Structures are given as structure tokens and as C-alpha cells.
Amino acid sequence: MPRFSVIVPVHQVQAYLRECLDSVLGQCFGDFELIAVDDCSPDACGQILDAYAAADPRVTVIHLAQNGGLGPARNTGTARARGDYVLYLDGDDVMVPGALRAVADRLAATGEPDVLLFDHAPWYWDREPVAAHPDVLAPGAHPEVFTLADRPELLRLPAFAWTKAYRRDFLTREGFAFPPGWYEDTPWTFPVLLTARTLATLGRVCVHYRQRRGGSILSSTSRAHFDVFAQYDRLFAFLEDRPALARWRPALHRRMTDHFAVIHSSPGRLPRGDRAAFLRQARAHCRRHRPAPGSARQPLGARTRLRHLLVRRGAHRTFRLLWQADRARTAVAARLRVLRPRARAALLQAHYALQRRRRLDENLAVFSAYWNRGYSCNPAAIEAKVRELAPHVRTAWVCEPRYAHTVPPGVRHLRPGSAAHWTALARARFLVSNVNLHHRYVKRPGQILLQTHHGTPLKHMGLDLAPYPAAAAGMDFGRLLRHADRWDYSLSANPHSTLVWERAYPSSYTTLEFGYPRTDVFQTATAADVARARARLGIPEGAVAVLYAPTHRDHRPGRRPPLDVARLAAGLGPGFVVLVRAHYFHDGDRPPCLPPGVVDVTHHPSVEELCLASDVLVTDYSSLMFDYAGLDRPLVVHAPDWDAYRDARGAYFDITAPAPGPVTRDDDELLHVLATGAHTTEEARRLRAAFRKRFCPWDDGHAAERVVRAVFLGETPAAAPRTGRAVPAADPPVVPLAERRPAPAPGAAPAPPSPATPDPLAAKDWWSCPASASSYRCSTSRDTCASASTRCSGSPSPTWRS
């Protein structure tokens, strides 16, 4: 018997049906059945459902002989359900990734309640879904399991059947069924809440509720909206049959009156000639179901009392007049909401102009990183070294309030766009960032602006993006050059970066070839630091920690990494832990449910600490690989879509040729490499050493010190700005590669593969390649290899086998 029965009534939703079904079948929690009820749909929905049923045994399709509406279709599906819990989903909506796992976990944590309520998000075509009721459903001071008497405010939530999970035996015991007609959720939802012996809530969005431009009930103009009266008759008849529930009549009467008012005032629902008749019938219903005199009633606000009074009296003209006045007031308020920020911005710019007339503060330094996302990257390492070597300099960090907790004690926090922020931009002697400052920032004589960048460039940057419209969409190249003209210094991690920055951002800044300060910790951390980092992440002793850090893809938006991390973790087994770090562009995304062995570390404040805690880095085209090479630990480049990425974004070199370790092209090859230890071989170490020599020549643990001495203390003769050339010498001198001692690796080695675990590459078509020594065979197809033979190095890699 499955854990869940997901029931999907289907009628004229062929354009959205596949997305709906895929959202359920793609859930990482697989213990469910999907019952789709074809409500005699005249379009291709029936054929679509039959195709899904043929491909997936979890799908059951019921074809109805005639159209009966949502209610009867749901009843048909419920009668066939076998799951412990029943969930409903309309055919044009989608289930959020990880929803079933979250529901299952919450049900187990709350003792299998009769009903679990979860949130939804309206899904408009032109904007991101936003949770509808996060404050009501989020855990708080309420008991985890309760009855409606404990939380009567839940009656005010929309009466959607698909925002809940229902115990099937509870539905059977109470004999609940959906009625025919529109607004069928009304006489279903309220009786369910009233009779449930145990309720619980889940404070996360599980359904995206599609807001269609046309075709939905709420956007249809029809007399069918009069069905709402029969639905409330059914609800109050239910109360009559259960005298113990009579005390809920006042609350439900108020809910009914509110509902009538919403339908009457919603544009496009009622035909113009029927609005007065609707309000007259609403008046009759309010009188018919009026609570008994003396019933306890909840106090109402003045606006609500007036609205209820007009509905109860059927005052159609007065109601319309006040509604139109309210719409006008709302329009004025919306206009003021637009004008208010503009007025504030103008005042702040006037304030900034005045502050620029004041004297510079010689001992103030302002730092920021990643568009104000928090204390991180090269600016953070430099700021910490400033406090150590130049304590007379006061430091301030610019970041959004939600990242304020990342700023160390003693460092002033500046909220972006505040008066204090603009004052600091106007008066600070030193400004440091890894991205460009606000376009309204005006560089003053005497100010020093250090651009640290935030990675060694593999993908095209700056002016080099011009031929790539997908990556350069919306980019103002003129503004980009004006920003570069404000730089006094450009920090470089290696000779490759120096050449790229000077071509991509041509201006007269001085290049500081000092290495990246953010990697200093890789050379200074101890074994104890590594152990503490692993303990904070909960990595078991002896486990192999695989850090997976994919980059952003301009040609494929959203957080959809090209690696099945759940399958990878399952294939590697309990001796491995996969740490998943999403690109910072996607740090606001909520990951789907995480299977055992996978830890989402996207919001961990320090990617450097994640590197220290890991045994191996798996990435695709992220600049993190250049930093990680300085640790001298195994690297794997997972490049399943390299050609598409290079064509969409452009690349300065082919990362699959001078790779820092094995290169894999699909999930099977990656699993093979990690499970067999192919990333730790002598050949892998040779590749890593060559890569490290090329891209980590100055990352010796002293980069931040060199920056502070040159820029903040003026100790380096080459520190004079705008020389237009790279700094020829550094203080302290760069430690040679052979003399560096990176932080020790955790020491765990992968266990040999179990004989019971099949080799994922065993089924590959291995063949001898003429570009290689005869002792190696390649798994790449002959056609692919022949078309790309000029790029083949003929050297051993994960796609080769001896």
C-alpha cells in the first residue's frame, strides 16, 4: 500500500498537463500512486494521460464517460485510492520539488494527524511564486498537533482542497465527498477542519497555483458563480446535522459573507446584469443562516462591518460605489508606492552630493562582495588583514541585513542604499570590492579603489562577452568601461588573469600580481582547523567528503545542476558524503529534498572552509577549481555540457585539455572515478601539479599581506596608482611552490569498490584509439572522437582504461 495517493482531475488543461504530471512523478519521495481522472476532456488530455500510464506503473488513469466537474472527478479518484494519505492537485498546477518528502517527514514528526495543512504560492507567468501564508503555517508558539479550537484563525485560509494531506481512513470514517458545481471546495474544507481530531501544519510551499490569463473558474464570467449559494447551504446543513458544531456558525457566517463580497466585487466574475441579483440572493442567504441571537461573535473592523452590512442588506448600488472608490484609493496608493522610493532616492543623492564636499576620512575603508551578499571572498580576507596590520584604519562592510550575521564583531555594518552607506562611499579613503560599486558612485580625488575580482576567468568576461548575446543580455558595455576607469588597482591571481583583465577591462589601473587573499587560509590552516571544519559540517570520521560546486549557466537558468547528486550518493555508499554548493546566483533557491549522504551547503558562509573540509572537489566550469588547486587535493572536472557552455558563454581555453584532474562526461563516469579512486592516481597528481603551477604561482598564504602593505600602508615602491603596468615585485616575496605546505588533507582514502557494486562503465563501448598509446582504450564513441580528434590529447583520463 503506497504512502500517498495523489489525485489529479483533468479537464481541458492539455497545455499544462505534462508539467503537472512531471512535477509529481519527479518527486524524490517515490512511495505514491498518481490517479488521474479524465473528466471527459475534449482536448488531448486523455491521450497524454494514457501515454504516462504506459510509461510509469505508478500512474492510473480513469476515463469518465461524461463531464461532471472537479468535485465528482475527485470523488472518483478518492474511491480508487489505496494510500495512507490522499492529496489533490489540479491538472494545471505543479507540485514543488521535495514536497512529498517534506509532507512525509512532517506527518511522521507529528504522529500521523488526520489533516496536514501546507502552503502554496500563486504562480503568475511574469513573476516568481511567493508563499501565500508563511506566517500562519510556519511553526511558532502553537502546539505541533492541535484541533481547530486551538487555532480558529485557520478558518480564514482559502478553502483549497489541494493545500492539505488527508488521512484516507479519516475521510472514509466521516464519509466526506465533494459536491458538484463550482466552489466545491467550500462544503469540503470547512467540515474537514471542523471534524478532524488532529491537525498539523507544514511551513513550506508544496504547490504552485497557476494563475492563468483565461480559462480558470476565477477568471470566467458566468452565472455559474451563483453555485456558491448551494455550496454554503450544504455547509450549514452539515452543521445542522451535528449540533456539537453549532458554536462555529458565527465564524462560518462571517466567512460566507466575506466570500459573497469578494465574488460580487471581483471584476469579470459576474455578468453585469446579474450583479444586483447576486447581492439580493446573498442577502437572503445571510438572513437564512444567521446565527442565533446571543451567539459569540468575533469583533470586526469598521471596513469589514460596513462591507457585511451592505451584503446583508443587498445594497448593490452603494456597494459598487464604495468598491469603485476603494479601487481609486488603491490606485493612488500604488502610485505613491512608486513615487516614494524615487523621492527617497533623490534625497539620498542630494545627501551624497553634500557628503562629497566634506574632507576624506583617511582612516576609513569600505568593503563589499558579491553584490552585498555578505562577508566573503578576497575583500573579507583583506579586511581581516587590515585589522591586523593597519589597526588605525576603521573598516566597514556593506551587505544586506539578512547577511549581517556574517560580518565579524568590531566591523561596522552598512545597509546598502542607506544614508550611512552613501556617507561612507563619499568619505572613505579606501574602497575594496570584488564587483563594481553602485553606478551612482562618483570617484573623488584621493580615494583608492581596489578591484579584487572573484575568480580566475575561464568563461569570457567584460568586453570579451560582446559576441555572446545569451551571456551579455542587458549588459551596458559603456557603463562597464566607466566602472573600470574608477579602479586604481586590479588584483590578479596568475599571469592568465592579468592578460584577461587587461583586455576585458581596458583602463589605466595598476595590476597587482599578488595572488588571491581568499586562498591564504589554504596555506595557513592546520590539521586541527580541518578537523573542526569537518565537525561543524557533521562529516563522519573517515568518510570521504566530495564537494560538488557547479557554476551558473546562462543558457540554462535556474538551480538545475547537470548531476544527479542523489544517484551519486547512493552509488558511492555510506563511506562518502556529498556536499552540494550552488552558485551564489541561486543562493535564494530552496533545494529539493536531500537524500541520505547529501548535504546542502549553499548557505554556508565560507566556501574556503568547505574546501578545507573536503577530500575532493567535483566541479564543472567554476573558478573554484583554480583556488582549490592550491590545496593540492584531488579535483574532478565534470563536463557533460562543455560544448554548449562554451558556445553560449565563451571560454578562454578548453578546460578539458589542461584539466586539473580526471574529466568526466556523464554521471556513470563520475561515479566510476570516485568509487575506484581514479582521481587519486599518479596521473591525476601529475595533471594537478601542472595546473597548480600555471594558475597558483602567487597563492602562497601571503596575498592579503602583500595587498595591505602595498595599498593601505604604501610600503611597496610599486604602490603608486595608475602606472598602467603590473607590479614588478612584492613584499613579502612569493614562496616557491616546492616550499609551500598546504593544509593537510583529512586523510580518508576511498575504500576499494565492493564486488557487489557494478562498475557503471562496464557497459561502455571500449575501443583502441590511434591517438593514444596502445595500452589505453577509450569509451568515447568513435563518431564523437572522429569529429573532435584535433582536441584529443591522447593522454589517460576517466574516459580511458588500460
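Author: Two strands pair if DSSP finds at least two bridges between them; strands (E, at least two residues) and helices (H or I, at least four) are DSSP runs, numbered from the N terminus. The model is predicted, so local features need pLDDT of at least 70 and side-chain atom pairs pLDDT 80 or more, while totals for chains, interfaces and linings use all residues. Residues are numbered from 1 along each chain, and side-chain values use heavy atoms, without hydrogens or water.

The chain contains 26 helices and 24 strands. Of its 802 residues, 52% are buried (under 20% relative accessible area with a 1.4 Å probe, protein chains only; exposed is over 50%, partly exposed in between). Where contacts (heavy atoms within 4.5 Å) link residues at least 6 apart in sequence, 74% of them join residues at least 24 apart.

Consider the open sheet of 8 strands, in which the pairing is mixed and the order is S3-S2-S1-S4-S7-S6-S8-S5. Its edges are strand S3 (59-63) and strand S5 (94-95); each has a single partner strand, so one side of each lacks a neighbour in the sheet. Helix H7 (residues 186-195) lies across strands S4 (85-88), S6 (115-123), S7 (164-167) and S8 (199-210), and it runs at about 60° to S7. Such angles, from 0 to 180 degrees, are taken between N-to-C directions of lines fitted to C-alpha atoms, for helices over the stretch in contact. Cys-206 is buried, at 2% relative accessibility. A further cysteine, Cys-696, is also buried, with a relative accessible area of 1%.

Another open sheet is built from 7 strands with parallel pairing, ordered S11-S10-S9-S12-S13-S14-S15. Strand S11 (412-414) and strand S15 (510-513) are its edge strands, and each pairs on one side only. From one strand to the next, the twist averages 25°. Strand S14 (residues 489-492) pairs with S15 in the parallel sense through 4 bridges, and the partner of Ser-490 in S15 is Thr-511. Helix H13 (residues 377-389) lies across strands S9 (361-368), S10 (394-398), S12 (428-433) and S13 (448-451), running at about 160° to S10. Helix H14 (residues 419-427) packs on the sheet and touches S9, S10, S11 and S12, its direction making about 110° with that of S12.

Val-546 takes part in both pairings: its bridge partner in S17 is Val-578, and it stands opposite Val-616 in S19.
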